[in-house]
Amino acid sequence: MMSLPFVLFACAVGAAWMRQRGVSMGFWALGLIAMLVLFRFHVTEVLMIQL
Amino acid sequence: MSADLSKLLNAIGLLAISTVLALALVDQLWFGDLPCPLCILQRAGFFAAGFGIALNLIFGPKPSHYGVAIVGAIAGGSISLRQIVLHIIPGTGHYGNDVFGLHLYTWAFIAFAAIILGCAIMLLDDRQFSRAEPMSVRLKVLPLSALLLFLTLAIANIASTVALCGAGLCPDDPKTYMLLQGG
């Protein structure tokens, strides 16, 4: 699951290479969403920054 | 700035991002410094930002492509900032080796800030967007090399992440490659 953003970004670069700008932007947006969702899953530790 | 010069600068920028990603892989494979989940997501952030630069190389410079790079860099920078804040209080530990006194997530934040600054500076010149002359041949090798390296590193990161985390989420402090250990 953690490799999903890389897969989507690689697909985005591949689609751009094939001159499919709209498709590549779609892959990029999905990759960004996947990245942020995974970030949310991994941000479980409470910050302790009280001085 | 001509479109050709813009393309050359974008190729250098994409090579710089690829160098950062390649060094992260070297640190992982050569020095055995396995990446944490947030480290992996910061690598993904570099791909999100680098994709905007790649669009400039493939389709020519456009403000929207710089926007893509800036959005990707903000997302990646947010993740690295979160990791910096996790360890900002003395005595709260750190993750991984340091390089010139700063840990890799701190360097990542600096790199993301540099990407945003670089894109902002490039956006200051409008002449690159009104391209009348055809792209010159001499610039083709460098952008192509940068794109190939970027795509290769994306595929390498897919393999590395699958080997490290398998099909699920990564452990917070990985000690070994999950796939090679059979789960």
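Start at B:Ala75, which touches A:Leu32, A:Met35, A:Leu36, B:Gly45 and B:Ala48, leaving out residues up to four places away in sequence. Keep in mind as you look around that this is a predicted model. B:Ala75 sits in helix α3 of chain B. Is B:Ala75 buried or exposed? It counts as buried, because 20 other C-beta atoms lie within 10 Å and 20 or more is what it takes. Look also at B:Ala49, 26 residues away along the chain from B:Ala75: the two C-alpha atoms are separated by 8.7 Å.

From here, follow the helix pair within chain B. The axes of α2(B) and α3(B) are 7 Å apart, and the helices pack at an angle of about 165°. Angles over 145 degrees count as roughly antiparallel, so that is how α2(B) and α3(B) run relative to each other. As for the hand, α2(B) passes α3(B) in a left-handed crossing. On the α2(B) side, the residues that meet α3(B) include B:Gly45, B:Ala48, B:Ala49, B:Gly52 and B:Ile53. Facing them from α3(B) are, among others, B:Ala69, B:Gly72, B:Ala73, B:Ala75 and B:Gly76. Sort the residues of this contact by class and you get 14 nonpolar, nine polar and one charged.

B:Ala69 is worth a stop of its own. Setting aside neighbours within four places in sequence, B:Ala69 is in contact with B:Ala49, B:Gly52, B:Ile53, B:Ile115 and B:Cys119. B:Ala69 is also one of the residues with the most contacts inside the largest nonpolar core, a list that includes A:Phe9, A:Val13, A:Met35, B:Ala48, B:Phe51 and B:Ala54 as well. That core has 61 residues. The most comes from α2(B), with 14 residues.

The axes of α1(A) and α2(A) come within 8 Å and cross at roughly 165°. How do these helices run relative to each other, parallel or antiparallel? At that angle, α1(A) and α2(A) are roughly antiparallel, and their crossing is left-handed. On the α1(A) side of the contact you'll find A:Leu8, A:Phe9, A:Cys11 and A:Ala12, among others. On the α2(A) side, the residues include A:Phe27, A:Trp28, A:Gly31 and A:Met35. The residues of this contact divide into 15 nonpolar, two polar and one charged.

That leaves the place where the chains come together. How many residues are in contact across it? There are 27 from chain A and 36 from chain B. Both α1 and α2 of chain A supply at least two residues each to the side that touches chain B, and the largest share of that side, 10 residues, comes from α2(A). By class, this side of chain A has 22 nonpolar, three polar and two charged residues.

Terms used:
Residues numbered from 1 in each chain as written. Chains lettered and ligands numbered in written order. Predicted model: local features only at pLDDT ≥ 70, side-chain atom pairs only at ≥ 80, totals over all residues. Core = buried A, V, L, I, M, F, W, Y, C linked by C-beta atoms within 7 Å. Buried ≥ 20, exposed ≤ 12 C-beta atoms within 10 Å, placed from the backbone. Helix = DSSP H or I, 4+ residues; strand = E, 2+ residues; numbered from the N terminus. Contact = placed C-beta atoms within 7 Å. Axes fitted to C-alpha atoms, helices over the stretch in contact; angles between N-to-C directions. Parallel < 35°, antiparallel > 145°, perpendicular 65-115°, else oblique. Left-handed = near helix turned anticlockwise from the far one by under 90°. Nonpolar A, V, L, I, M, F, W, Y, C, P; charged D, E, K, R; others polar.
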